[in-house]
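User: I would like to go through this structure step by step. Could you help me read it?

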Amino acid sequence: MFDKLKKKFSEIFSKQNDNNSVVENDVSSEKQVNEENTGKEGNQRVIKRSEIDNQIMEILLESDVSLDSADLITEKLKERMGKLKRRVDFYSVEDELKNVIKEIISENQNRFDILNPGKKPYIILFLGINGTGKTTTIAKLAYYLKNNGKKVVISASDTFRAGAIEQISILGKNIGVEVIKHDFKSDPASVAFDAIEHARARSLDYVLIDSAGRMQTNKNLLDEMKKIKRVSKPDLTLLVLDAMIGQDVIEQANTFAREINFDGIILTKLDTDSKGGAVISVSTEIKKPILFVGTGQNMDDIMPFDPDWYINKIFSS
Ligand SMILES: Nc1nc2c(ncn2[C@@H]2O[C@H](COP(=O)(O)OP(=O)(O)OP(=O)(O)O)[C@@H](O)[C@H]2O)c(=O)[nH]1
Ligand SMILES: [Mg+2]
């Protein structure tokens, strides 16, 4: 997970620090470093800050961080560095970069506690394009909620794709969570309606509504998605995005946002994402909280998104 990003950061920070290098942090004295053309002082190698800035920018862009997000990070880093002394070691730069990235990815996070949503049944609708991991995520989340003592029902509202009802039924059976289903090609909104009625009658805590994967170009499916939302009146609408597609998550999320309002994001497949930038791009450009992240194909491979966890994953020290 995020191996490439971690390796690249460690190459500038840990290695340079081990090499006894320091950063010339005063941009106005950089010229001097240049003119003397030594880049060395005593046994220390002096490296210009602008060089580090460029390296960081390059790493971010190579790691699927969008250009706007990378600009924002480097600008904020410059601001913070401006407050440090003239010569700093590489760990100081690393610390400031960590602070900047943490600040950015925490900005849209809220204190919402899914285990105590304050309403019963709490209705969650899951949306996203084909194959992002909606159905698997619903099963994982149902499992997570169940393990926390909650009563859950799943609405098999993907009545569009052949095999979808069977897929969610098997997953439900495996985790011991009931799945409300109708026939293939039936109205997905009415399945959701039945699942909600079922939950009300039995005083269940959550209704998780699956839906068919849809591209922004498929008008029928988009209209159907709006109908499911109108009928089920979800308390929370979550967009499921696949981290592997990198910067394309932004376009995908913006397209969905134009069609339907959603409250938060689940970012899946982080385990197969070596670049790691999707988390940063999503945080800066979509301005919605990342509620959960998917970290594998097993039922317990889901966790609430924690900015500190992410920072620890992308920096080695
Ligand atoms: N490695 C990994 N694979 C995942 C993760 N989440 C989902 N998958 C896999 O992604 C594939 C698609 O998952 P689904 O849950 O069927 O995706 P979907 O969005 O419901 O797909 P459609 O219903 O076709 O739109 C499956 O093989 C899942 O096992 C994850 O966090 N990590
Ligand atoms: Mg599905």
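User: Where is lysine 269 placed?
Analyst: Lysine 269 lies in the loop between β10 (264-268) and α11 (278-286). Helices (H or I, at least four residues) and strands (E, at least two) are DSSP runs, numbered from the N terminus. This is a predicted model, in which local features need pLDDT of at least 70 and side-chain atom pairs count only at pLDDT 80 or more, while totals for chains, interfaces and linings use all residues. Residues are numbered from 1 along each chain as its sequence is written, and side-chain values use heavy atoms, with hydrogens and water left out.

User: What is phi of lysine 269 near?
Analyst: Phi of lysine 269 is near 60 degrees, which is a positive value in a residue other than glycine. Lysine 269 has a relative accessible area of 30% and is therefore partly exposed. Buried means under 20% relative accessible area, exposed over 50%, and partly exposed in between (1.4 Å probe, protein chains only).

User: And lysine 287, where is that one?
Analyst: Lysine 287 is in the loop between α11 and β11 (290-294). Its phi is also a positive value near 60 degrees in a residue other than glycine. With a relative accessible area of 52%, lysine 287 is exposed.

User: Is threonine 237 buried or exposed?
Analyst: Threonine 237 is buried, because its relative accessibility is 1%. This residue belongs to strand β9 (residues 236-242).

User: Which residues does threonine 237 touch?
Analyst: Leaving out residues up to four places away in sequence, threonine 237 touches Leu125, Leu127, Lys229, Asn261, Phe262, Asp263 and Gly264. Contact means heavy atoms within 4.5 Å.

User: Switching to helices, at what angle do α1 and α5 pack?
Analyst: Helix α1 (residues 3-18) and helix α5 (residues 90-106) pack at about 155 degrees, with their axes 8 Å apart. That makes α1 roughly antiparallel to α5. Angles under 35 degrees count as roughly parallel, over 145 as roughly antiparallel, 65 to 115 as roughly perpendicular and the rest as oblique. Axes are lines fitted to C-alpha atoms, for helices over the stretch in contact, and angles run from 0 to 180 degrees between N-to-C directions.

User: Which residues make that contact?
Analyst: On the α1 side they are Phe9, Ile12, Phe13, Ser14, Gln16, Asn17 and Asp18, and on the α5 side Phe90, Tyr91, Val93, Glu94, Leu97 and Ile101.

User: How far apart are the axes of α4 and α5?
Analyst: The axes of α4 and α5 are 9 Å apart, and the two helices pack at an angle of about 130 degrees. α4 is therefore oblique to α5. The contact is made by residues including Leu72, Ile73 and Leu77 of α4 and Val93, Leu97 and Ile101 of α5.

User: What about α3 and α4, at what angle do they cross?
Analyst: The axes of helix α3 (residues 49-62) and helix α4 (residues 67-81) cross at roughly 150 degrees and come within 9 Å. α3 and α4 are therefore roughly antiparallel to each other.

User: Last topic: which residues does a cis peptide bond join?
Analyst: A cis peptide bond joins lysine 120 and proline 121, with omega at about -10 degrees. Proline 121 lies in the loop between α5 and β5 (122-127).

Definitions and conventions
Chains lettered and ligands numbered in written order.
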